[in-house]
Amino acid sequence: MPHHDVSGLKNITTNLILQLGIPANLKGYHYIREAVVMSVCEPEMIDNISGKIYAAIAQNHGVTPACVERAIATAIKTSYKRGCKETFADIFGEETASEIKRGKKTIANKEYIVGLTGAVRKEYEMEQ
């Protein structure tokens with residue numbers, strides 16, 4: 001596993017999450033950021049989001065994995081309303097962004113985290 005600059009990953013992730021419209025006062029903001037950083041550092045974790053990632057985050061924060069899952073879902077819903085449409089389209093694709101805007105589609109927590117992880121990894125690699 002390559003060594004990652006965790007603070008650099010957190011900065012990139014934070015910037016993208018804020019562009020996606022998730023305010024820092026939501027618990028889901030912090031959980032999504034942790035999930036993405038974990039997924040970049042240990043890519044195999046993304047295959048078992050609820051079993052590995054939610055469990056690790058829950059343990060770090062003294063809550064249950066179900067609380068983590070709900071907080072992330074709430075943050076994602078906020079993202080639909082408040083986020084930069086261009087950033088959304090860049091990360092999740094034009095069609096998905098358009099369908100979400102029209103209320104025809106939602107993104108599952110895993111899909112959101114996977115998309116964001118890919119965007120963070122790409123930006124991180126460009127900075128190295």
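**Exercise 1.** What percentage of the 128 residues of the protein chain count as buried?

*Solution.* Keep in mind that you are working with a predicted model. A residue is called buried when its relative accessible area is under 20%. Applied to the 128 residues of the protein chain, this gives 45% buried.

**Exercise 2.** Work out how the rings of tyrosine 80 and phenylalanine 88 are paired, and whether these residues are buried or exposed.

*Solution.* Start with the whole structure, where a search finds 4 aromatic pairs. For tyrosine 80 and phenylalanine 88, the ring centres lie 6.1 Å apart and the planes meet at 65 degrees, so this pair is edge-to-face. The cut-offs behind that step are centres within 6.5 Å and planes over 60 degrees apart. Next, check accessibility: tyrosine 80 has 18%, so it counts as buried. Phenylalanine 88 has 5% and therefore counts as buried too. Finally, look around the pair: Tyr80, Phe88, Phe92 and Tyr112 form one aromatic cluster.

**Exercise 3.** Find how many helices and strands the protein chain has, and compare its radius of gyration with that of a compact globule.

*Solution.* Count the elements first: the protein chain has 7 helices and 0 strands. Reading from the N terminus, you get α-α-α-α-α-α-α. Now the overall dimensions: the C-alpha trace spans about 40 × 35 × 25 Å along its principal axes. A compact globule of 128 residues would have a radius of gyration near 14 Å, and the protein chain has 14 Å, so the two agree.

**Exercise 4.** Describe the charged side chains of the protein chain.

*Solution.* There are 16 positive and 15 negative side chains.

Notes
Residues are numbered from 1 along each chain as its sequence is written. This is a predicted model: local features need pLDDT of at least 70, side-chain atom pairs count only at pLDDT 80 or more; totals for chains, interfaces and linings use all residues. Side-chain values use heavy atoms; hydrogens and water are left out. Rings of Phe, Tyr and Trp (its six-membered ring) pair if their centres lie within 6.5 Å; planes under 30 degrees apart count as stacked, over 60 as edge-to-face and the rest as tilted. Buried means under 20% relative accessible area, exposed over 50%, partly exposed in between (1.4 Å probe, protein chains only). Helices (H or I, at least four residues) and strands (E, at least two) are DSSP runs, numbered from the N terminus. The radius of gyration is taken over C-alpha atoms; the globule rule is 2.2 Å times the number of residues to the power 0.38. Lys and Arg count as positive and Asp and Glu as negative; His and the chain ends are not counted. The place of a charge is taken as NZ of Lys, CZ of Arg, CG of Asp or CD of Glu.
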